Amino acid sequence: MKRFSLKSALAISASTAMLAGAMATPAYAQADSSFSDDEIVTIGTRRQARSAKDVIAPVDVISAKELLNQAPTDIADALRIAVPSFNVNTQPISDAATIVRPASLRGLSPDNTLVLLNGKRRHRASVISFLGGGIADGAHGPDISVFPSLALKNVQVLRDGASSQYGSDAIAGVLDFQLKDASEGGTVEVRYGETYEGDGENYRIAGNIGLPLGNKGFVNITAEYADVNDTNRSIVRDDVAALVAAGNTAILDQSVNTLTTDADSVQIWGQPNVNDDIKLFVNTGYEISENLELYAFGNYAERQVEGGFFFRNPTNRGGVFQGPTVDPVTGAASSADNAVASVSVGNLAGLDPTACPAGIPLVNGLIPDETVLAQVVADDNCFSFVETLPGGFVPRFGGDNQDIAFVVGARGDLDIGTGLGYDVSFSYGENTTDFFINNTINASLGPDTPRDFEPGGYEQEDINFNVGFNYGLPIAGWASDLNIATGFEYREETFTINQGDDASFAIGPLAAPSAGFPTGQGFASSSNGFGGFVPASAGSFSQDNIAIYGDLEGDVTDKLTLQAALRYEDFSSFGDTVNWKVGGKYDVTDNFTVRGTYSTGFHAPTAGQANVVNITTAFVGGVLQDVATLPLTSAAGEFLNTQRIADGDQPFTLDAEDSKNISVGFATSIGDISLTVDYFNIELDGRIALTDNQDFQESLRSFAEDNGLDLSDVTQTSQLINTLDGVGGFSAASFAGSEDLAAFAVFANNFDTRTQGIDVVANMPVDFGYGTSSFSVAGNWTDTDVTNRGDIEPIGDLRTRSLEENIPSFKGNATFNHEQGDWRGLVRANYHSSYFEDHLGTNGFPIDLGSEINFDAEVTYSLPQLTGAEISIGAANILDNTPDELADIPLDGFSSVGAVAGSQFPSTAPFGFNGGQWYIRARYNF
């Protein structure tokens with residue numbers, strides 16, 4: 001057995017694997033480099049020094065050069081370009097998903113992809129994607145945007161199910177981010193860019209340096225500071241245009257939206273601001289002896305993300321402005337034929353309900369009646385938000401995110417003559433998000449409401465300990481030793497909800513849930529747009545698990561390689577599971593190989609998914625309203641299940657989702673041309689996701705009916721809860737924080753899917769007789785079918801279409817690289833097929849959108865006067881192509897789909913919606 005040496009071993013290894021082997025940094029990116037070089041991979045196998053062409057499952061190796069030499073400043077966007085089956089969107093108005101963008105592989109949920117750093121499991125983000133465009137709804141995965149491109153040696157993408165090798169989440173595949181491990185040299189980089197529209201200005205300053213640690217070790221350090229401004233791709237909303245035309249000029253005041261006074265963009269719809277994006281990574285290793293290396297790596301990162309919410313219309317925003325139908329002259333409540341819509345009026349003193357008008361009549365449904373408004377303003381006991389916010393308002397939402405992690409470990413050979421290798425490591429990761437929402441109100445507090453709130457935050461903490469052993473057992477007649485790997489892993493994760501400031505969840509005098517008047521005056525509690533976390537919801541929630549695995553792999557002959565893996569895991573939250581994998585590779589000729597695997601897998605519900613509480617604002621059925629996510633274990637969740645059982649329906653459950661994964665393909669080379677083609681088929685049962693919104697009021701009324709009460713005429717949740725207090729064991733106090741909810745969703749095992757597809761990668765050199773050129777093509781076809789909409793409660797048609805069609809069935813790119821003398825350049829064509837979007841969320845506005853193609857280009861000049869210095873100029877989407885404009889899509893009752901909420905483009909556009917952008921970059925390598 002080869003002696004372990006820092007010079008020949010990676011500074012990192014696959015999760016609980018042994019002795020990853022030698023790694024040579026590639027000169028150029030090579031996706032799935034089969035038959036192109038001997039690049040060493042660290043995922044998909046536990047054998048030492050295995051090249052990409054020797055691995056049974058397909059692995060893409062994306063070099064540092066490809067990650068750095070392109071327009072995106074975020075590593076997720078860079079991977080979207082490099083790996084066609086990887087998808088991530090620009091997030092406009094998407095709540096917490098704007099802070100940590102959900103990214104998916106092979107059309108599955110983001111938390112169906114395992115993320116490793118230097119071969120070790122990466123901790124999850126603190127943010128759960130509640131508004132994830134359908135596929136990512138409820139996903140809880142890691143935050144890969146904290147990785148600076150300059151810190152990476154490469155990114156390895158295992159396109160195969162691997163739960164039996166790495167544990168929960170490795171259903172769609174595995175991403176392994178490999179940090180640089182050089183002990184000398186470095187890079188300094190400065191970059192600036194903006195969109196063709198002149199917004200979205202962004203800059204990045206980054207540096208990497210490798211230092212020796214004695215004469216047997218290294219320390220590699222990367223630091224980056226970046227800033228990205230928002231973009232605005234809004235159009236005039238129909239309701240805004242109508243208000244302005246009717247004479248409501250207050251809508252143009254800057255107090256409505258603190259960033260603009262333009263009627264075209266009363267709200268900002270576009271990419272958010274990313275402020276003070278700081279990243280620091282350290283990777284280090286030291287060789288104690290030929291049989292022992294100590295290693296450690298970690299990071300600190302922080303950033304602030306801020307974006308806009310939807311405009312709050314001063315005539316019809318529920319819980320703030322929208323009032324009952326009233327007499328058009330007096331404002332008294334009325335259901336007569338001549339009754340008109342009104343703006344809500346609150347009775348601050350709790351006097352006789354008739355002391356204040358029920359509402360301020362709206363002239364032509366748009367402008368408050370001046371006479372009744374003057375009456376309300378003159379009476380200190382009466383209040384309407386049109387007094388202080390006559391033009392409505394637009395909340396600004398964001399979060400301060402912090403990420404801290406470290407891994408320490410030791411690996412080597414047990415020098416006892418057995419050739420037994422070991423790897424022992426401990427890792428800790430923590431991600432924290434503190435939310436803020438400004439320029440909004442708590443309507444129930446009336447004129448005493450603050451305008452800025454701190455609604456609380458989420459924390460995610462992961463602890464991992466693993467130990468693995470690796471041994472090569474000689475087998476008579478085999479072409480190689482039988483590699484035997486086994487190990488143990490312990491993981492613990494804790495999800496914490498931090499309480500918001502008092503005003504962010506307060507139930508004020510205009511919505512007090514006490515008996516009698518003024519209960520139910522129609523004003524919503526909590527900070528509008530993103531409600532604060534109440535004390536009853538705050539706390540820490542943990543789960544842990546242990547795992548034992550075994551792995552066998554060897555070359556039976558010079559042509560045949562076989563692999564088998566088995567893994568047992570036991571979770572404190574849902575029990576145990578056993579998963580396995582078998583695979584094989586056969587070299588038909590020296591230039592043609594067939595390969596295939598079959599595996600089972602699983603994704604366990606996270607502590608966050610099981611316990612999270614969230615109240616946000618989203619479009620439901622085309623109407624903007626508060627939407628809540630509550631745990632199944634909450635009072636409302638348990639009440640919902642109890643009532644479902646009473647009504648003869650199955651209760652919701654939350655358990656692990658299970659998968660079956662088939663992968664089969666071939667790799668070949670014809671002269672200098674390399675080609676790989678791989679087919680995959682993933683059956684996923686009991687997918688963990690948010691349910692459709694459950695009608696909370698209907699459940700309360702059904703409970704009342706079962707107990708002999710008729711509450712069919714009660715329209716407010718707080719009144720229903722208060723009335724039912726003490727009935728049949730019902731306790732109103734248990735429902736604190738749920739008084740304003742008409743509906744909510746829970747995490748549950750909801751539906752089944754089958755996802756299949758084909759990945760194609762081809763590379764070839766091109767000889768023009770001068771310089772060095774290459775051409776590469778990468779494409780992915782993916783098709784998802786919802787095979788079972790759910791046995792408990794079937795999901796709806798639009799959600800089904802989102803799961804099946806929101807990601808284009810085909811994505812691909814073709815790249816031409818050329819290098820000559822001091823110059824180099826690239827041109828890339830990117831394509832995606834048509835797709836579907838349920839615009840504005842749950843049961844919103846279904847739209848079918850067309851295919852798109854765009855082009856990227858970059859030119860770099862190396863300064864001969866200064867060795868190592870270069871200047872690059874480039875453009876992404878150089879022809880400024882954009883998705884289909886929503887203003888061109890008609891909609892009954894509106895001038896267009898886009899005019900409903902002011903969005904110019906589809907929010908889930910695969911290549912984004914900002915149009916073309918240019919950049920300039922200066923880099924110095926030393």
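Q: Why is asparagine 641 called buried in this predicted model?
A: Its relative accessible area is 12%, and buried means under 20%, so asparagine 641 falls in the buried class. Asparagine 641 belongs to helix H8 (residues 635-646), and, not counting residues up to four places away in sequence, asparagine 641 touches Leu632, Pro651 and Phe652.

Q: What makes the pair of phenylalanine 383 and phenylalanine 385 edge-to-face?
A: Two numbers decide the matter, because a pair of aromatic rings is described by the distance of the centres and the angle of the planes. The centres of phenylalanine 383 and phenylalanine 385 are 4.9 Å apart, where a pair needs centres within 6.5 Å, and their planes stand at 80°, where edge-to-face needs over 60 degrees; the pair is therefore edge-to-face. Phenylalanine 383 and phenylalanine 385 are both buried.

Q: Why is the aromatic pair of tryptophan 823 and tyrosine 861 called tilted?
A: The angle between the planes is 45°, with 4.6 Å from centre to centre; planes under 30 degrees apart would count as stacked and over 60 as edge-to-face, so what is left is tilted. The pair links distant parts of the chain, since tryptophan 823 lies in strand S35 (residues 823-832) and tyrosine 861 in strand S38 (residues 852-862), 38 residues apart.

Q: How do you know whether tryptophan 823 is buried, partly exposed or exposed?
A: The relative accessible area of tryptophan 823 is 48%, and the class of exposed begins over 50% while buried means under 20%, so tryptophan 823 is partly exposed.

Q: Which class does tyrosine 861 belong to, and why?
A: With a relative accessible area of 25%, against the limit of under 20% for buried and over 50% for exposed, tyrosine 861 is therefore partly exposed.

Q: What makes arginine 106 count as a charge over the ring of phenylalanine 680?
A: The charged end of arginine 106 is 3.9 Å from the centre of that ring, where the rule asks for within 6 Å, together with a position within 35 degrees of the ring normal. The charged end of arginine 46 likewise sits over the ring of tyrosine 549, 4.3 Å from its centre.

Q: Which residues touch the most other members of the largest nonpolar core?
A: In this core of 71 residues they are Phe435, Tyr458, Phe696, Leu700, Phe730 and Phe744, and helix H9 (residues 696-706) gives the largest share of the core, four residues. A second, separate core has 35 residues, among them Leu79, Val115, Val157 and Ile682.

Notes:
Residues are numbered from 1 along each chain as its sequence is written. This is a predicted model: local features need pLDDT of at least 70, side-chain atom pairs count only at pLDDT 80 or more; totals for chains, interfaces and linings use all residues. Side-chain values use heavy atoms; hydrogens and water are left out. A nonpolar core is a set of buried Ala, Val, Leu, Ile, Met, Phe, Trp, Tyr and Cys residues joined through side-chain atoms within 4.5 Å. Buried means under 20% relative accessible area, exposed over 50%, partly exposed in between (1.4 Å probe, protein chains only). Helices (H or I, at least four residues) and strands (E, at least two) are DSSP runs, numbered from the N terminus. Rings of Phe, Tyr and Trp (its six-membered ring) pair if their centres lie within 6.5 Å; planes under 30 degrees apart count as stacked, over 60 as edge-to-face and the rest as tilted. Contact means heavy atoms within 4.5 Å.
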